[in-house]
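Hi,

Here is the structure I promised to pass on.

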Amino acid sequence: MPNPFRHYEGVPVVDLPADPPVPAIAAWDVLCGAGGETTAVDGAAFLSQLFLYSAAISATKIAPATGSTYSLRVNPSSGNLHPTEFHFATRGVSGWADGLYHYRPSQHMAEQRAVGDFGFDGSLVIILTSIAWREAWKYRDRAYRYCLLDIGHAWQAVGLAARAMGCRCTATGSFDDVALAARLGLAGDEWPMLILTIEGGPIPLGASEPTVPTVPAGSPNRLSEHVLMPDWIPDIHAATSLNLEPWERPDSAFTASALGGRTFGEVARSRRSALDFVGGSAEITMAQLLALLSVTREPLLTIYIYVHRVSGLEPGLYRHSDTLERLKSGDQRVVAAGLSLGQNLAGNACIALSMVADLEGATARSGERGYRYAHMEAGAVGHRLYLAAEALGLRATGIGAFFDDRVREYLDLETGQVVYHFAIGYPVHDPRLEL
Ligand SMILES: Cc1cc2nc3c(=O)[nH]c(=O)nc-3n(C[C@H](O)[C@H](O)[C@H](O)COP(=O)(O)O)c2cc1C
């Protein structure tokens, strides 16, 4: 396994305070679109709060067989491999030098790669990148999809944390990949995927003199002795680089009754993937199901639900648009687990989901680059589901491993592509976790 932490070495490392304010607003209110506030009065505290609740380490896992420990983060990642990196450019943020930084989650610090004005539109802009081979050594052909789903999770992790602090976040996926990578001085194995512009009154601003930026410095650490990367992954990435039809997404807001009072701070940092679910007879309520589904709306996606145990709702396969439409009746537990590459958790959960993307629509509008957006949307839905489940006292697990063609057949799809599975229910105890 390659080192999950990229560092740019040989540059100043700037401390982010360890105890920034806690976002006190209820997690459900944030999901429904309400903005919170922050008491951070300087740049370091503000940035520390933003990253602590979106990208930092939040737990440790011990592998029982070897005793090795692994860090778990606020944002989830397929196989916990974390191909996503967080870079950011600041201008005029109070007490914080204008420049280009790379967030270092292992120590909750910022590597200062350059100083000066990088000319982004806004005082705080975060650029999410992927190191695809860090995923490909394990997931081979499927790695690019996983990277995109992980980017969707990271996007929502940042966007919702920003909102919990009273800010807005706009995502831009259309840019010249090569020019942006050069501007950021990225290591050759890192690809820029999404730009997040954070705006709003709570960002502490001070005086700033326009200055010419220095050239980004720092040597990327070596993540492993060997780089395993199937040739076609860079090819897919290049193919999806071509169309620059603008793709810009503001925050999404949803209507749902508030069913849980847990704070955003608590929910974001205690979010975990369930190792498995208890199965048995424990049900979720119809109100919980509707609340979960309320956060799944995205332009390119249709949600199919394998209902196992929801009180008052017959088990079966359903499709969610404005209403719940039953497509098949009967027990779906074996089929849901089977379609999810035989992973029992999809059958032991109370519900499992298939997210189907309108790839034809996406590519008609954005060319092959639409492939990225469809997966990022699915990752974004996944992240909201993780937080919604946690806020409801349930738990969720993203499932990237499923049999694409079998799911298409089972759902009787004529168009579209299955991009992500999800399972939600009551978790079994996970003995590997240390908080
Ligand atoms: C895109 C994606 C795909 C995933 N696929 C699976 C999967 O197929 N099976 C599974 O058990 N967990 C899956 N997970 C959960 C990860 O293993 C989990 O996020 C990771 O181990 C980190 O743990 P945490 O979510 O508790 O931080 C997936 C997560 C993501 C984000």
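**Rings, charges and cores**

Let me start with arginine 271: its charged end sits over the ring of tyrosine 386, 4.6 Å from the ring centre. Arginine 113 does something of the kind too, lying over the face of tyrosine 8 at 3.8 Å from the ring centre. Bear in mind throughout that this is a predicted model.

On to the overall picture. The protein has 13 helices and 19 strands. Its radius of gyration is 21 Å, close to the 22 Å that the globule rule gives for 435 residues, so the protein is as compact as a globular protein of that length. The C-alpha trace spans about 65 × 50 × 45 Å along its principal axes. Buried residues account for 58% of the 435. If you take contacts between residues at least 6 apart in sequence, 80% of them join residues at least 24 apart.

Now the inside. The largest nonpolar core has 102 residues, and those with the most contacts inside it are Phe88, Ile126, Phe264, Leu292 and Met355. Helix H4 (residues 143–164) gives the largest share of this core, 14 residues. Where does the core lie relative to domain 1 and domain 2? Both domain 1 (8–249) and domain 2 (274–434) give residues to this core, so it lies between them. There is also a second, separate core of 19 residues, which includes Phe277, Tyr306, Leu411 and Val418.

Leaving aside neighbours within four places in sequence, isoleucine 126 is in contact with Leu50, Phe51, Phe86, His87, Phe88, Val158, Leu194, Ile195, Leu196 and Ile198.

Then the aromatics: I get 13 aromatic pairs. In one of them, phenylalanine 88 and tyrosine 101 have ring centres 5.2 Å apart and planes at 15°, so the pair is stacked. Phenylalanine 88 belongs to strand E5 (residues 84–90) and tyrosine 101 to strand E6 (residues 99–104), 13 residues apart. Phenylalanine 88 and tyrosine 101 are both buried. They are also part of one aromatic cluster, made up of Phe51, Phe86, Phe88, Trp96, Tyr101 and Tyr103.

Another pair to look at is tryptophan 155 with tryptophan 247, which is edge-to-face, at 5.9 Å centre to centre and 75° between the planes. Here tryptophan 155 comes from helix H4, while tryptophan 247 is in the loop between helix H6 (232–239) and strand E12 (248–249), 92 residues apart. Both tryptophan 155 and tryptophan 247 are buried.

Cheers

Conventions:
Residues are numbered from 1 along each chain as its sequence is written. This is a predicted model: local features need pLDDT of at least 70, side-chain atom pairs count only at pLDDT 80 or more; totals for chains, interfaces and linings use all residues. Side-chain values use heavy atoms; hydrogens and water are left out. A nonpolar core is a set of buried Ala, Val, Leu, Ile, Met, Phe, Trp, Tyr and Cys residues joined through side-chain atoms within 4.5 Å. Buried means under 20% relative accessible area, exposed over 50%, partly exposed in between (1.4 Å probe, protein chains only). Helices (H or I, at least four residues) and strands (E, at least two) are DSSP runs, numbered from the N terminus. Domain bounds come from an automatic or database domain assignment. Contact means heavy atoms within 4.5 Å. Rings of Phe, Tyr and Trp (its six-membered ring) pair if their centres lie within 6.5 Å; planes under 30 degrees apart count as stacked, over 60 as edge-to-face and the rest as tilted. A charge sits over a ring if NZ of Lys or CZ of Arg is within 6 Å of the ring centre and within 35 degrees of the ring normal. The radius of gyration is taken over C-alpha atoms; the globule rule is 2.2 Å times the number of residues to the power 0.38.
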